[in-house]
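Please read the numbered points with the model in view.

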Amino acid sequence: MKKVLILTAGFGDGHNTAARNVADALELISDDVKVETLDLFQSSLGLLNDVLKKAYLGLARYAPSVWSGIYSMIDNPSFDRVLSVGNLKTALEQAITEGCPDCVISTYPVYAHLMQEIYRDHSERPFRFITVITDSISVNSAWFRAPSDVYCVPNEETAEVLRRHGVAAAKIKAFGFPVNPLFAEMEGQPSPSDDFVKPCKLLYIINTGKKKAGKAMDRLLEIPDVELTITVGRDAELKEKLAKRTEKYDERVKVLGWTNQMPRLMASHHLVITKAGGATVQEAIAGRCPMILNQVIPGQEDGNARLVEQLDVGEVAEKNRDVAQAVTKAFAKDGKIWRQWKKNLTRLAKPDASLRIAELALAECDHEDSRRKKPKLFQTDRPAITAPAVVRTSSDARMLLCDFHIHTNYSDGKLTVPEVIDFYGKRGFDCICITDHLGDPRRLIGKLSKLLSLTLGPEQLQEYFDVIERERRRALRKYGMLVMTGIEFNKDGYTKKTSAHLLGIDLKAPINPALDLPETIAEIHAQEGLAVASHPHIMKSEWGKNTLFLWENQDVFAPLIDAWEIANRNNIFTPVGLKRLAFLANSDFHKPKHIYSWKTLLHCEKSPEAIKDCIRRNEHVAITLYRDLETTQALHRPDAEVVVQFDTALGNRREFPQIGAFAEQLRQETV
């Protein structure tokens, strides 16, 4: 098994984007690689890192001239002493010691300097070191003042900068910026934006200048034969404001919140309007989408702006009036200028950059440097830090640990879909179902939740299914974990007795959220999915609105519903057990601490159909409180108490030891 460590930092959008895409590419092309991505600034500096990030964002957006001066200072070799921060150096030493990587990839320049300090008295590194430079043309010398074995750069223009500063040509690989591997998958597929046909489709990415976004949008819509797609990230207030402002334009405008389908958006639009961020500019190049840059942060983004103009693939226009004029000019005379930009992009695009960097990293793992014995500096008797273990019953290896109620940031969760996959996969789960909220658009609460980005929007549904499907394949390959697509249908009324939440588990396609509950259940069953009553009884240990409609109308819904949640987070709904209804236990996961909650154990084959059949029949189903390795070890302490779990396979109560005081402490923490 080859080991690759990727180092990143949360300053700017390019570093994390590059790290994430290389990691995805490595896992996509190889089943024989273990990839770990670390932001050592976050883990070692803590609150100071958050302060630094906010300071960077504030200076970059509101005091660009000040940031330009700081950027120039970093470009000075005398700044190297500042880069060797003690905590960061120690954190990097520990990461290398515990991970024993064959190859280390850095997407942030500080790490090369820290590496140089660590090995100052040791000439041989026991791994290969690759620096992925995310800047273009105006490359800060901090990127190459400290040595790397290989430098991966976005383009030939940047490669020439390194060569002029003495970097050996053999060490430079102009593979392109590591964009999402989806760009490579889409290569060669026909797109409406390949030809100049009206209406012209504009993609407006709003990440800065939010106060002027409305006026900018108005000017763009004054241009005839233009359709506009706007992305606002997770700014719910701005999304609501722009949605109201664009009502009069009917189908000409679409306002999107957060999305990870940027590759498809780039490929399907004629022109993108955005700031000169490293990741966005490079994604536009990979997607062959001409661009108008409406903001350039001095220093680090100057190179991106110069690149766009030198390559003749777009224009810089920082004022709203200038942006509209640039769009008009590009589309004039049957799109003469736009056609030239598009032609140049077709020649320059490198959508497979992340795959090529991944292939390079795998090859570097076989280099003789990676097979060297670790220097004494890194010999240690400390036990390696491992992911929390899941304890299974030794008598039956087919006992499956499952969680069928999980939210991501597609609704009101904190983690992205890939982050959820890794979070559960590293903890040894056998099967999970992602069930983001989908509100009923006929109800006021559903409308408000959508505007506040607390639920899925109808325009996100297909993307949501596509993303989970892609992550499902990765989860199975990397962790052997089954992932199902689900939805939590929110039918919220003004009272608890008129409110219902229903889980649709293992869905194959979107379902209309405006259907009544019996119709929704019928649609779930038509897709061979499960209909599960979510937190159907009174919740006592969690703050939240009770949803009792399904429970109050059991005579109607008990014959239709496949299972009822007998436990949700830290709640136990005893009446569900007393009614002898089929049951499940779930986290209702929204953020990492919710992992410490009730889960379902199933005794069946590890396949979606076997799992669903086991739940429908309600045989060999048990519930358990999930705890991590520390808790499991505490089970054997002499002051352990008894906790009751229900097992329908045995038809009676099973007793398992659990630590009293320690369990109560964890329970209080999760509450």
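**Salt bridges and a helix pair**

1. At 46% relative accessibility, arginine 442 counts as partly exposed. The model discussed here is a predicted one. The side chain of arginine 442 meets that of aspartate 516 in a salt bridge, with 3.1 Å from N to O. Arginine 442 is found in the loop between strand E14 (431–439) and helix H18 (444–451), and aspartate 516 in the loop between strand E16 (500–505) and helix H20 (517–526), so this pair ties together parts that are 74 residues apart in sequence. Aspartate 516, at 40% relative accessibility, is likewise counted as partly exposed.

2. Side chains of opposite charge can pair when their charged atoms come close. How many salt bridges does a search of the whole structure find? The search finds 30.

3. A second pair is formed by aspartate 149 and arginine 125, whose closest N and O atoms are 3.0 Å apart. Aspartate 149 sits in the loop between strand E4 (128–132) and strand E5 (150–152), while arginine 125 sits in the loop between helix H7 (110–118) and E4; the two are 24 residues apart. Are these residues buried or exposed? Aspartate 149 counts as buried because its relative accessibility is 15%, under the 20% cut-off. Arginine 125 also counts as buried, at 17%.

4. Lysine 478 forms a salt bridge with glutamate 27, and the closest N and O atoms are 2.4 Å apart. This pair links distant parts of the chain: lysine 478 belongs to helix H19 (residues 461–479) and glutamate 27 to helix H1 (residues 13–29), 451 residues apart. Lysine 478 is partly exposed, with a relative accessible area of 30%, whereas glutamate 27 is buried, with a value of 6%. Both residues take part in a network of salt bridges that links Glu27, Asp422, Glu471, Arg474 and Lys478.

5. The last point concerns helix packing. Two packed helices are described by the angle between their axes and the distance between the axes. Helix H13 (residues 278–286) packs with helix H14 (residues 302–311) at an angle of about 20°, and their axes are 9 Å apart. The two helices are therefore roughly parallel to each other, since angles under 35 degrees are classed in this way. H13 passes H14 in a left-handed crossing.

6. Which residues meet where H13 and H14 are in contact? Gly278, Val281, Gln282 and Ile285 in H13 meet Asn304, Leu307 and Val308 in H14. By class, this contact has 4 nonpolar, 3 polar and no charged residues.

Technical notes
Residues are numbered from 1 along each chain as its sequence is written. This is a predicted model: local features need pLDDT of at least 70, side-chain atom pairs count only at pLDDT 80 or more; totals for chains, interfaces and linings use all residues. Side-chain values use heavy atoms; hydrogens and water are left out. Axes are lines fitted to C-alpha atoms, for helices over the stretch in contact, and angles run from 0 to 180 degrees between N-to-C directions. Helices (H or I, at least four residues) and strands (E, at least two) are DSSP runs, numbered from the N terminus. Angles under 35 degrees count as roughly parallel, over 145 as roughly antiparallel, 65 to 115 as roughly perpendicular and the rest as oblique. A crossing is left-handed if the near helix is turned anticlockwise from the far one by less than a right angle, and right-handed if clockwise. Contact means heavy atoms within 4.5 Å. Ala, Val, Leu, Ile, Met, Phe, Trp, Tyr, Cys and Pro count as nonpolar, Asp, Glu, Lys and Arg as charged, and the others, Gly among them, as polar. A salt bridge is a side-chain nitrogen of Lys or Arg within 4 Å of a carboxyl oxygen of Asp or Glu. Buried means under 20% relative accessible area, exposed over 50%, partly exposed in between (1.4 Å probe, protein chains only).
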